[in-house]
Amino acid sequence: MAKKYLIETFGCQMNVHDSERMAGLLDQAGYEATDSDQHADVIVINTCSVREHAEDKLYTRLGELRVLGEETGHRPMVAVAGCVAQQEGAGLLTRTNGHVIDVVIGTQRQKMLPMLIEKAAVSAFAEVDVNPWDDVSFPLGITHRSDPVKAYVTIIEGCNDHCAFCVVPHTRGHERMRAKAEILGEVRQAVDSGRREIHLLGQIVNHYQAPDDPGCDFAQLLSEVNDVSGVERIRFASPHPRHTGARLVEAVRDLPKVCKHLHLPVQSGSTSVLSAMRRRYTREEYLGLVAHVREAIPSATLSTDMIVGFPGETDGDFNDTMTLLDLAQYSSVFSFKYSVRPNTLASKRMPDDVGEEVKSERIVALQARQREIQLALHERIVGRVVDVMVDAVSRRRDTELSGRTQGNTVVNFPIPAGARGADGWIGQTMPVAVRRAGAYSLWGEAVSADTGK
Ligand code: SF4
């Protein structure tokens with residue numbers, strides 16, 4: 001009987017996609033997927049270390065698996081992958097007293113996963129491989145895609161920017177570009193397997209320069225993905241504001257399949273904090289970019305990432321962040337309290353001097369203001385008809401479908417009557433009349449049951 005594997009994923013879209021790749025490699029090696037830790041012969045925990053809280057989840061989960069083993073006698077092999085594995089390496093075995101973990105595999109070594117599991121299965125010792133690997137190619141046809149509608153496609157791995165707070169250059173290595181031919185091959189294959197929305201992924205996605213076509217930058221890549229027949233929507237994450245120039249804004253404006261939504265991570269609204277963070281743009285330059293996008297693409301939605309309580313952040317700096325929210329009018333914000341991350345510039349040179357209570361007060365204030373902004377933006381959409389690509393049956397009500405607008409706003413609406421059944425609508429793009437707005441989603445009704453394309 002085939003051995004079974006379970007992959008548990010913490011963290012960002014990049015990790016979700018890495019898990020899809022590791023799942024595909026295990027499928028190819030003859031394993032079968034399961035969603036039960038009680039039935040799994042191998043559990044892969046794909047970790048995130050971008051925040052302290054995310055890292056703690058690994059240790060909690062390892063503790064649960066140890067208890068599971070003690071209580072039931074079921075002791076699956078455990079492989080730790082992702083950013084914590086890369087960061088800690090063999091040190092993870094010491095931190096956990098050596099129990100539970102059989103494999104520690106770094107972010108650049110995924111292709112070695114089946115081999116490391118096989119080696120660990122016949123060894124008294126854990127296998128640890130966190131070596132760098134510059135080869136970012138990944139064989140076509142292997143990725144085990146978990147979403148029926150969206151396909152993640154990596155175009156860049158790693159980052160050279162070394163923002164003061166960020167652990168990514170240490171956990172994912174220096175920036176490496178994937179060949180354009182391979183990217184386009186993966187896009188075509190994703191479409192052939194039924195995916196309609198392509199998400200191009202990279203730490204600084206708009207830094208892309210094709211290694212196999214010196215004239216091809218990110219805007220050109222978008223144009224070539226736009227030309228792939230069967231692609232309906234294109235999204236990308238994340239562009240760096242510093243590299244978001246007129247050429248990229250024009251590409252988003254002019255390419256019909258590229259969603260009119262830009263995620264522009266600002267991190268802080270204060271120029272002095274941005275300087276300490278080594279972001280290399282000022283508040284004014286960032287707001288100039290926002291104004292440029294708004295002028296070029298009036299329908300565009302914007303989202304961002306914010307950190308509160310970065311070392312040295314004063315009340316005045318935080319106030320700059322709050323006023324920037326008002327000026328930028330984001331449709332969503334991912335906000336976090338600063339936490340010290342190992343090996344970063346901030347961890348070495350900047351005392352974590354904003355108290356926990358102040359960080360908490362600031363994040364509560366920021367999120368409350370942002371909720372008001374989102375609600376006001378969403379209320380303006382009530383009464384309009386928007387095109388919604390259906391992702392899934394709603395998690396809250398199985399009588400409703402859930403999807404997203406081009407601007408990335410979630411819309412829920414009753415399943416239209418008809419012969420399709422709920423699942424038959426997944427992946428369809430359909431016009432929905434918006435009836436109600438909340439801070440995080442819209443609610444509406446399909447304009448016609450026949451309008452799914
Ligand atoms: S650009 Fe900065 S925040 Fe983004 S991955 Fe690179 S170092 Fe981290």
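## Close-up views of a predicted chain

**Figure 1. Helix 9 beside helix 11.** The axes of helix 9 (residues 246-254) and helix 11 (residues 283-296) come within 10 Å and cross at roughly 30°. This makes helix 9 roughly parallel to helix 11, a label for angles under 35 degrees, while those over 145 count as roughly antiparallel, 65 to 115 as roughly perpendicular and the rest as oblique. The axes are lines fitted to C-alpha atoms, for helices over the stretch in contact, with angles from 0 to 180 degrees between N-to-C directions. Helix 9 and helix 11 have a right-handed crossing; in that case the near helix is turned clockwise from the far one by less than a right angle, and anticlockwise if left-handed. Val249, Glu250 and Arg253 of helix 9 make the contact with His292, Val293 and Ala296 of helix 11. Two residues are in contact if their C-beta atoms, placed from the backbone, lie within 7 Å. The residues of this contact divide into 3 nonpolar, 1 polar and 2 charged. Here Ala, Val, Leu, Ile, Met, Phe, Trp, Tyr, Cys and Pro count as nonpolar, Asp, Glu, Lys and Arg as charged, and the others, Gly among them, as polar.

Before moving on, note how to read these views. Residues are numbered from 1 along each chain as its sequence is written. This is a predicted model: local features need pLDDT of at least 70, side-chain atom pairs count only at pLDDT 80 or more, and totals for chains, interfaces and linings use all residues.

**Figure 2. Helix 8 beside helix 9.** The axes of helix 8 (residues 218-226) and helix 9 come within 9 Å and cross at roughly 15°. Helix 8 and helix 9 are therefore roughly parallel to each other, and their crossing is left-handed. Look for Phe218, Ala219, Leu222 and Ser223 in helix 8, which meet Arg247, Leu248 and Ala251 in helix 9. Sorted by class, this contact has 5 nonpolar, 1 polar and 1 charged residues.

Figure 3. Most residues other than glycine have a negative phi, and most peptide bonds are trans. The bond from Ala237 to Ser238 is cis, with omega near -15°. You can find Ser238 in the loop between strand 11 (233-237) and helix 9. Helices (H or I, at least four residues) and strands (E, at least two) are DSSP runs, numbered from the N terminus.

**Figure 4. Positive phi at Gln329 and Asn343.** Gln329 is not a glycine, and its phi is positive, near 55°. Its place is the loop between helix 12 (315-328) and strand 14 (332-337). Asn343, also not a glycine, has a positive phi of about 70° and sits in the loop between strand 14 and helix 13 (345-349). Is Asn343 buried or exposed? Asn343 is exposed, with 11 other C-beta atoms within 10 Å, whereas Gln329 counts as partly exposed, with 14 C-beta neighbours inside 10 Å. A residue is buried if 20 or more other C-beta atoms lie within 10 Å of its own, exposed if 12 or fewer, and partly exposed in between, with C-beta atoms placed from the backbone.

**Figure 5. Gly424 and Val390.** Gly424 is in the loop between strand 17 (410-414) and strand 18 (429-437). With 13 C-beta neighbours inside 10 Å, Gly424 counts as partly exposed. Val390 is 34 residues from Gly424 along the chain, and their C-alpha atoms are separated by 9.9 Å.
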